[in-house]
Amino acid sequence: MFIIRCSNCGFEITDEKQIRLYGGVEVALKIVSIPGSPVEKRRQIAQLFNQYGVPCPKCRKKDIWTWL
């Protein structure tokens with residue numbers, strides 16, 4: 001289970017379907033190839049969302065993703 005959160009408004013992305021929807025295909029393909037524990041995957045997913053400038057769908061701010 002993936003859980004990353006917008007540090008501004010609290011919006012959460014909780015599964016792979018939402019990652020593809022909000023992050024796009026390029027980010028989703030990179031996420032599939034991430035090895036490691038679930039905690040490491042969440043950290044890297046948040047890092048990828050920030051790196052690619054994926055905005056929060058609720059508040060539209062960028063570079064605000066944190067992992068839980």
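The legends below describe close-up views of a predicted model.

In this predicted model, local features need pLDDT of at least 70 and side-chain atom pairs count only at pLDDT 80 or more, while totals for chains, interfaces and linings use all residues. Residues are numbered from 1 along each chain as its sequence is written, and side-chain values use heavy atoms, with hydrogens and water left out.

**View 1. Helices H1 and H2.** Helix H1 covers residues 16-23 and helix H2 residues 25-32; helices are DSSP runs of H or I with at least four residues, strands are runs of E with at least two, and both are numbered from the N terminus. Their axes come within 7 Å and cross at roughly 140° (axes are lines fitted to C-alpha atoms, for helices over the stretch in contact, and angles run from 0 to 180 degrees between N-to-C directions). H1 and H2 are therefore oblique to each other (under 35 degrees is roughly parallel, over 145 roughly antiparallel, 65 to 115 roughly perpendicular, and the rest oblique). On H1 the contact (heavy atoms within 4.5 Å) involves Glu-16, Ile-19, Arg-20 and Gly-23, and on H2 it involves Val-25, Val-27, Ala-28, Ile-31 and Val-32.

View 2. An open sheet is built from 3 strands in the order E2-E1-E3, with antiparallel pairing (strands pair if DSSP finds at least two bridges between them). Strands E2 (12-13) and E3 (65-67) stand at the edges with a single partner strand each, so one side of each has no neighbour in the sheet. Strand E1 (residues 4-6) is joined to E3 by 3 bridges, and Cys-6 has Trp-65 of E3 as its bridge partner. Helix H3 (residues 38-51) packs on the sheet and touches E1, E2 and E3, its direction making about 175° with that of E3.

**View 3. Aromatic pairs.** The whole structure contains 2 aromatic pairs (ring centres of Phe, Tyr and Trp, the last by its six-membered ring, within 6.5 Å; planes under 30 degrees apart are stacked, over 60 edge-to-face, and the rest tilted). Phe-11 and Tyr-22 are edge-to-face, at 5.6 Å centre to centre and 85° between the planes. Phe-11 lies in the loop between E1 and E2, and Tyr-22 in helix H1, 11 residues apart. Phe-49 and Trp-65 have centres 5.5 Å apart and planes at 80°, so this pair is edge-to-face. Phe-49 counts as buried at 0% relative accessibility, and Trp-65 counts as buried at 3%, whereas Tyr-22 counts as partly exposed at 28% (buried is under 20% relative accessible area, exposed over 50%, partly exposed in between, with a 1.4 Å probe and protein chains only).
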